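Please read these points with the sequence and the model open side by side. They are meant as a colleague's comments, taken one topic at a time.

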Amino acid sequence: MSTREEAEVRPQALRLEEVSVAYGPALALEKIDGGVAPGEAVALIGPNGAGKSTLIKAILGLVPLAAGRVTVLGTSPAQARRDVAYVPQADTLDPEFPISVGQVVLMGRYRRIGWLRRPKAADKQAAHRALEQVGLADRARHRFGTLSGGQRQRVLLARAIAAEPRLLLLDEPFNGVDAVSEQALLDAIAALKKQGAAVVVATHDLALAHLACEEVCLLDRKQFGFGPTRATLTPDRLRATYGGHALELRGDRVIVAHS
Ligand SMILES: Nc1ncnc2c1ncn2[C@@H]1O[C@H](COP(=O)(O)OP(=O)(O)OP(=O)(O)O)[C@@H](O)[C@H]1O
């Protein structure tokens, strides 16, 4: 069998075919093309406004495509929604909202049990296991808003884990996160991948891409590379992707001056 045929029969959790998205007359994404296999992760890397969040919305079926096709778990984003979990940036959930950590995580079960049914013992156990996985089992009764930003991010990841997703989408999971939370997030992502889930992570953090992702997609409206991490994250490609911005590489992290 040729390499091309092998690539075509290899199962993909996510397939992007020349995906373009427009807000009004302007294209926010143009011909993004690639995929991710079950048990693997892809990092979406690009400057502010590159279209990373827009691509995540396209995978969730929340924005219409101007062209191309998104296939999630062999079907449309809308059909696959039950098996897809999304972790927003922690600051999108109001910390003042009077809800416990355990209740936030249990919300991850509602797509399975339905909003009108009461959670069963199995749902509570799944929520507890998810909190354990991010190292916060002892905080279940604490108010969500009393946790640090990094801990809140871990709780939102636990909510996603409790949903038992086959595809997990993360938007900038390391923003404002300390080293302990960073390690807990990395461990939880590794455990999900081991269970066969595919992961898509929008990030500015090249270390995260190297540590947790088999593939990267470099983008700034257009695609500047989509492939295995080490081969794709070259200084030349990074400079092309971050073209209009002042780019500084420190170790394996990109530091971008937002002018
Ligand atoms: N609802 C919207 N209506 C119009 N334009 C939008 C909308 N959402 C995003 N955009 C524009 O689309 C482009 C891509 O935005 P997007 O938020 O996807 O980028 P991003 O890579 O996630 O950025 P960041 O790293 O800053 O979060 C930007 O120019 C943004 O201003």
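1. A word on the basis comes before the rest. The model is predicted, so local features need pLDDT of at least 70 and side-chain atom pairs count only at pLDDT 80 or more, while totals for chains, interfaces and linings use all residues. Residues are numbered from 1 along each chain as its sequence is written.

2. The protein chain holds 11 helices and 11 strands, these being DSSP runs numbered from the N terminus (H or I of at least four residues for helices, E of at least two for strands). Of its 259 residues, 41% count as buried; a residue is buried if 20 or more other C-beta atoms, placed from the backbone, lie within 10 Å of its own, exposed if 12 or fewer, and partly exposed in between.

3. Strand S5 (residues 84–87) is covered on both faces, with Val84 and Tyr86 buried on one side and Ala85 and Val87 buried on the other. S5 pairs with strand S6 (residues 167–171) in the parallel sense over 4 bridges, where pairing requires that DSSP find at least two bridges between the strands. Within this pair, Tyr86 stands opposite Leu169 of S6.

4. The axes of helix H7 (residues 149–162) and helix H8 (residues 179–194) come within 9 Å and cross at roughly 10°; axes are lines fitted to C-alpha atoms, for helices over the stretch in contact, and angles run from 0 to 180 degrees between N-to-C directions. The two helices are therefore roughly parallel to each other, a label given to angles under 35 degrees. On the H7 side, the residues that meet H8 include Leu157 and Ile161, and on the H8 side they include Leu185 and Leu192, contact being C-beta atoms, placed from the backbone, within 7 Å.

5. Helix H2 (residues 52–59) is mostly covered, since 6 of its 8 residues are buried, namely Lys52, Thr54, Leu55, Ile56, Ala58 and Ile59. After H2 comes Gly61, whose phi is positive, near 75°.

6. Which residues surround the ligand? They are Tyr23, Ala28, Gly46, Asn48, Gly49, Ala50, Gly51, Lys52, Ser53 and Thr54, a residue being near a molecule if its C-beta atom, placed from the backbone, lies within 6 Å of it. H2 gives the most to this shell, with 3 residues.

Conventions: Parallel < 35°, antiparallel > 145°, perpendicular 65-115°, else oblique. Contact = placed C-beta atoms within 7 Å.
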